[in-house]
Amino acid sequence: MTQDLPTRAGFVALIGEPNAGKSTLLNQMVGAKVSIVTHKVQTTRARIRGIAIHGPAQIVFVDTPGIFRPRRRLDRSMVAAAWGGASDADVVLLLIEAHRGLTDGTQAILDQLRALGQGMTVSLVINKIDRVKAETLLALSRQMNEAYPFDQTFMISAEKGYGCDGLRDWLAASLPEGPWLYPEDQIADLPMRMIAAEITREKLTLRLHEEIPYQLTVETEAWEEKSDGSARVEQVVYVSRQGHKGIVLGKGGETIKAVGQAARAELEEFMSRRVHLFLQVRLRENWLNESERYDEMGLNFKDGDG
Ligand SMILES: Nc1nc2c(ncn2[C@@H]2O[C@H](COP(=O)(O)OP(=O)(O)OP(=O)(O)O)[C@@H](O)[C@H]2O)c(=O)[nH]1
Ligand SMILES: [Mg+2]
């Protein structure tokens with residue numbers, strides 16, 4: 001910790017459309033993979049906190065599900081979780097994709113931000129600048145700042161790290177003075193069994209197509225510490241249709257086997273110890289309407305009403 005300067009701490013919410021790069025930015029800032037990332041939309045389902053220390057400041061990043069027009073109960077809970085993250089934060093960062101510009105989806109988010117009113121510091125983060133030319137960026141920045149009174153505008157590549165130092169410096173200086181909120185060595189605020197379930201869901205999402213990733217959920221059912229220092233982890237993949245079960249298992253069980261291997265390798269790296277991972281696929285037709293499933297995901301079931 002830096003001597004003499006007062007400590008600072010607070011929450012920085014990352015909001016934006018699905019796929020904007022919110023989870024990538026959180027991981028870049030924390031310096032570890034805390035939140036799962038895929039090339040598909042709607043990867044993150046709940047609020048995930050990742051903690052970074054910068055000089056005297058402890059910055060708690062709150063990754064949120066992408067904001068989109070919800071259709072299902074799960075979608076509604078996810079979008080409610082995103083807005084809940086924004087309203088609780090000291091600073092809100094709205095992420096957009098440089099190459100997509102001001103989309104209808106982002107326009108709808110700006111309308112909602114306006115409706116939520118003043119008192120919220122919202123800064124703009126134009127992400128994926130590695131994909132566009134400088135002229136495009138300047139025009140987009142101007143257009144966005146005409147559309148909404150952002151406090152600051154940052155242009156970054158969350159993946160490559162461009163512009164992230166400037167953003168981190170500004171965030172650290174913007175947070176209120178006060179004691180740190182978490183122990184110095186903590187990088188995430190999510191139980192290990194949930195991180196483990198998310199890792200498996202990431203590997204499933206990367207390997208499965210079309211609607212299947214959106215119709216499944218993963219839960220860690222058992223976690224046993226072994227005397228040799230390894231962990232025995234049992235997880236269940238819930239699917240909503242009989243046909244999906246076969247697809248998740250794959251021919252001769254090869255898909256679930258590959259998923260299990262990839263998830264185990266990542267979990268071992270994350271925990272720096274050996275893991276024995278056992279996956280089971282279970283049909284549960286109505287899981288998308290069961291409150292226990294939402295509890296496990298860290299979502300509010302009631303937010304999905306209506
Ligand atoms: N080219 C490029 N790709 C990026 C950058 N940042 C993120 N991506 C990619 O964008 C995709 C989406 O990234 P995520 O971090 O999962 O996006 P998200 O906003 O968390 O998405 P949801 O959880 O679905 O709301 C992934 O394929 C990332 O690798 C960037 O700076 N440049
Ligand atoms: Mg995400």
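At what angle do helix 6 and helix 8 pack, and how far apart are their axes? The model is a predicted one, in which local features need pLDDT of at least 70 and side-chain atom pairs count only at pLDDT 80 or more, while totals for chains, interfaces and linings use all residues. Residues are numbered from 1 along each chain as its sequence is written, with chains lettered from A and ligands numbered from 1 in the order in which they are written.

1. Helix 6 (residues 192–207) and helix 8 (residues 254–271) pack at about 140°, their axes lying 9 Å apart. Helix 6 is therefore oblique to helix 8, since angles under 35 degrees count as roughly parallel, over 145 as roughly antiparallel, 65 to 115 as roughly perpendicular and the rest as oblique.

2. Among the residues of helix 6 that meet helix 8 are Ile195, Ile199 and Leu204, and the helix 8 side includes Val259, Leu267 and Phe270 (contact requires C-beta atoms, placed from the backbone, within 7 Å). The residues of this contact divide into 10 nonpolar, two polar and three charged.

3. Strand 8 (residues 216–225) pairs with strand 9 (residues 231–239) in the antiparallel sense over nine bridges, where pairing needs at least two DSSP bridges. Trp223 has Val233 in strand 9 as its bridge partner. The two strands form a hairpin with five residues between them, and Gly229 in the turn has a positive phi of about 95°.

4. Strand 9 and strand 10 (residues 275–283) run parallel, joined by nine bridges, and Val237 has Val281 in strand 10 as its bridge partner. Helices (H or I, at least four residues) and strands (E, at least two) are DSSP runs numbered from the N terminus.

Note on methods: Axes are lines fitted to C-alpha atoms, for helices over the stretch in contact, and angles run from 0 to 180 degrees between N-to-C directions. Two residues are in contact if their C-beta atoms, placed from the backbone, lie within 7 Å. Ala, Val, Leu, Ile, Met, Phe, Trp, Tyr, Cys and Pro count as nonpolar, Asp, Glu, Lys and Arg as charged, and the others, Gly among them, as polar.
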